[in-house]
Amino acid sequence: MDVVCSGFVLLMILAIAPVAAAAAKESAVNLLEAEALLKSGWWRDDTAARNVSAHCQWRGIICNDAGSVTDILLPNYGILDGLTNFSFSSFRNLVRLDLSGNNFYEAIPYQTGALSKLTYLNLSLNDLHGQLPSSLVNLTHLAQLDVSWNWIGGLIPPGIGNLTDLVTLDLSQNCFWGRIPPTLGHLSNLASINLSNNYFSGTIPSALFNLTNLSRLDIHFNPAMGGFLSEEIGNLKSLVELDFSGLNLSGALPLTLCRLTKLVSLSGAENQIHGSIPSEIGNLKILEHLVLGSNRLTGQIPPTLRNLTTLVTLNLSSNQISGSIPLQLSGIPSLTFLDLSYNALEGELPCELVTKFCSENFVGNPDLHHDSTLCGDHRHHPPYYIIGLGVSFLVFSLIGGLVLYIFCKTKVKKVELELMDNKHGDIFRIWNYDGHMAYEDIIKATNDFDVCYCIGTGGYGSVYRARLPSGKVVALKKLHRLEGENPNFDKSFRNEADMLSKIRHRNIVKLFGFCLHKRCMFLIYEYMDRGSLFCILRDETEAVELDWIKRVNLIKGIAGALSYLHHDCDPPIIHRDVSSNNILLNSQLEATLSDFGTARIFELDSSNQTVTAGTFGYMAPELAYTMAVTEKSDVYSFGVVVLETLFGEHPREFLSFIASQPNEPIMLKDLLDARLPPPTNPLVVRNVAVATALALDCVNTNPKCRPTMQQVVNRFEVGRREPTRPLHSIAVNQLVSPPVLSLPDQTCADGRSSSSTINEFHVDISATLPSSNFSIHVST
């Protein structure tokens with residue numbers, strides 16, 4: 001009997017053992033996940049996230065019945081961190097990850113590809129850069145991938161075609177370049193794809209036209225693309241939204257486009273499309289938005305447009321369309337926006353259209369006539385009534401003119417009018433006056449600030465690219481309407497106009513004009529067609545084009561601009577947001593400093609206390625504990641930009657390294673951008689070494705130890721007469737100035753003469769390597 005009982009107990013133990021082992025394993029996994037969440041630091045300010053054992057109750061965390069994390073949903077949570085601090089491999093059961101609308105920087109880690117069960121990944125609206133890691137192609141269960149509104153560049157991994165479960169793909173508003181991979185055509189489940197506002201080149205791959213489930217295709221504003229819109233577009237029977245604006249496409253509109261009867265929005269503006277609008281366009285019965293402005297369309301407006309009874313927007317401006325305007329357009333009940341300006345239309349402009357839409361929407365058609373006396377009230381009035389009305393009008397006009405003259409003389413301190421180019425290129429530069437001719441040109445050139453002309457969005461405004469009728473291409477920064485009601489944004493916008501109207505320097509972006517009307521505020525800048533230094537450094541092709549000579553010249557140019565602001569302007573001007581994003585390059589890769597919205601006049605007799613402004617990663621460390629801004633804040637930011645330009649990436653890790661391991665020798669050649677061959681020309685090596693040395697002094701954590709920008713400019717001149725060692729023998733330790741290599745309690749006296757800092761900063765880079773007790777002191 002005892003033997004039987006013993007056997008039974010043994011069998012029970014053997015049966016329970018696997019279950020117990022599995023439970024123990026699950027418990028270990030859950031603990032690993034909890035520790036990973038805690039170490040991320042994302043919940044450091046959440047008092048409810050102190051209990052590790054209750055991590056499933058933390059904000060944004062969802063667990064399965066076994067206590068394993070399946071969802072991390074933290075949109076707009078205010079996290080300022082790099083994704084490399086997060087242990088992705090600890091979350092084997094993660095299904096949804098939403099970190100959108102935060103302040104994540106650095107690149108997307110390769111380990112993201114370990115989340116094998118992930119179906120939803122949203123990293124949009126952050127500050128991510130680098131490239132899409134190739135490991136993402138391992139996420140074969142992914143249904144939604146959104147990395148829009150970041151600074152991610154490079155090529156789309158061809159292996160993206162492996163993500164066959166993908167339904168939504170959004171890579172818009174980034175720095176992607178190269179051709180759109182044909183492997184996207186393998187994603188048969190795709191319903192929405194957005195590749196807009198990037199730097200793609202080549203043609204639209206025909207493989208995309210195999211995606212018969214696609215309801216949204218948006219590839220607008222990739223101006224390096226070309227080719228034509230294929231007849232195969234007709235295969236996409238499920239399309240609801242199609243936007244191919246700003247792709248530089250040529251050819252005619254394919255007839256098959258008119259077979260997409262589910263289309264609600266069709267936009268193909270700013271291309272080189274020619275031919276006529278097919279009359280079959282009337283088959284798109286539920287179309288609400290038709291935008292084909294700024295092309296080379298000819299022929300007449302098809303009368304079949306009257307069939308589009310749900311049409312809300314019709315924009316055919318800036319084409320070569322001829323003939324008369326169909327009266328039937330006024331009979332479309334839902335139509336609220338109509339723009340036929342700048343075509344070759346002729347005949348009489350129907351009164352119904354003038355009444356319903358602004359007359360400005362029909363300008364630029366020389367043979368289009370409108371007799372205002374034929375529209376409106378025609379009641380007969382006796383002559384004395386008309387004479388009396390005329391006299392009254394004249395009296396009121398004289399009084400009104402006198403009042404306006406007095407107001408302008410007392411309220412407007414400085415009124416400057418600049419007429420540039422011919423009458424079609426008029427740009428008015430009048431404080432608090434919008435200039436009618438210029439306003440019309442801007443509205444026409446941007447289709448009333450249509451999103452397809454938008455090339456970037458900032459804190460309080462959007463930037464548009466516009467080609468004026470004169471052929472001049474300009475950049476327009478327009479204040480958002482909602483932000484315009486915020487006095488802080490309004491002040492910042494006016495501040496930028498005021499600052500740039502007073503300064504002139506070859507390396508500061510040129511302000512051509514501005515409109516500061518309360519209803520519409522925009523600034524008109526010189527257009528810099530190569531974009532920002534930030535994006536160029538993250539583009540493999542353009543980064544190589546930016547060789548060492550160009551990079552050194554770029555650094556010298558920005559140094560000169562800041563020296564001008566700090567030392568040649570009276571009173572001095574502090575930029576307060578020097579970053580690679582705010583350094584723009586023209587077609588010759590020459591740099592200009594931009595974005596003066598937060599710039600501030602430096603008053604020598606004030607404390608200069610102000611709200612913190614700037615870009616994370618470029619702000620001087622003292623701004624964390626003081627609101628007193630000096631020109632040395634710009635100097636620090638400049639130093640970071642210099643290192644970023646030379647290294648090819650943000651120097652965040654380098655700055656942390658020299659702060660934590662000051663005695664560790666680092667060779668300069670190991671830090672320089674590896675995409676370029678190392679410089680061998682002695683003059684180039686000397687300039688690179690001097691630039692690095694200057695940057696190291698500029699990023700000193702003690703603002704009093706930083707050189708002035710005038711001293712930086714002078715230092716480049718002094719460096720031209722110095723001997724140079726080969727690059728492979730130069731260590732970073734050699735490039736740090738004596739004030740930095742000091743005892744912890746040593747401080748730098750403020751108000752030194754120019755010569756004192758320069759002499760102490762001077763480094764003979766022909767000197768030998770320092771001894772082992774050579775140390776770098778970073779002030780705290």
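**Exercise 1. Describe helix H12: its length, its burial and its N-terminal cap.**

*Solution.* Step 1: Helix H12 (residues 682–698) has 17 residues and spans 24 Å from first to last C-alpha, close to the 24 Å expected at 1.5 Å a residue; the expected span is 1.5 Å times one less than the number of residues. Helices are DSSP runs of H or I with at least four residues, strands are E runs of at least two, and both are numbered from the N terminus.

The model is predicted: local features need pLDDT of at least 70 and side-chain atom pairs pLDDT 80 or more, while totals for chains, interfaces and linings use all residues. Residues are numbered from 1 along each chain as its sequence is written, and side-chain values use heavy atoms, without hydrogens and water.

Step 2: Of the 17 residues of H12, 15 are buried (buried: under 20% relative accessible area; exposed: over 50%; partly exposed: in between; 1.4 Å probe, protein chains only).

Step 3: At the N-terminal end, Asn-681 caps H12, with a side-chain oxygen 2.8 Å from the backbone nitrogen of Leu-683.

**Exercise 2. Determine in which strand Lys-477 is found, and whether Lys-477 is buried or exposed.**

*Solution.* Step 1: An unreviewed UniProt entry places the feature "binding site" at Lys-477; such annotations may be inferred rather than shown by experiment. Step 2: Lys-477 is found in strand S24 (residues 473–479). Step 3: Lys-477 counts as buried because its relative accessibility is 11%.

**Exercise 3. Classify the aromatic pairs Phe-86 with Phe-91 and Trp-151 with Phe-534.**

*Solution.* Step 1: Rings of Phe, Tyr and Trp (its six-membered ring) pair if their centres lie within 6.5 Å; planes under 30 degrees apart are stacked, over 60 edge-to-face, and the rest tilted. By this rule there are nine aromatic pairs.

Step 2: Phe-86 and Phe-91 are stacked, at 5.1 Å centre to centre with 10° between the planes. Phe-86 is buried at 4% relative accessible area, and Phe-91 is buried at 0%.

Step 3: The ring centres of Trp-151 and Phe-534 are 4.9 Å apart and their planes lie at 65°, so this pair is edge-to-face. The pair links distant parts of the chain, 383 residues apart: Trp-151 is in the loop between strands S5 (144–146) and S6 (153–154), and Phe-534 is in helix H7 (residues 533–537). Trp-151 is partly exposed at 27%, whereas Phe-534 is buried at 5%.

Step 4: Arg-538 lies over the face of Phe-534, 3.7 Å from the ring centre (cut-offs: NZ of Lys or CZ of Arg within 6 Å of the ring centre and within 35 degrees of the ring normal).

Terms used. Polar contact = N/O pair within 3.5 Å; in protein donor to acceptor, adjacent residues only side chain to side chain.
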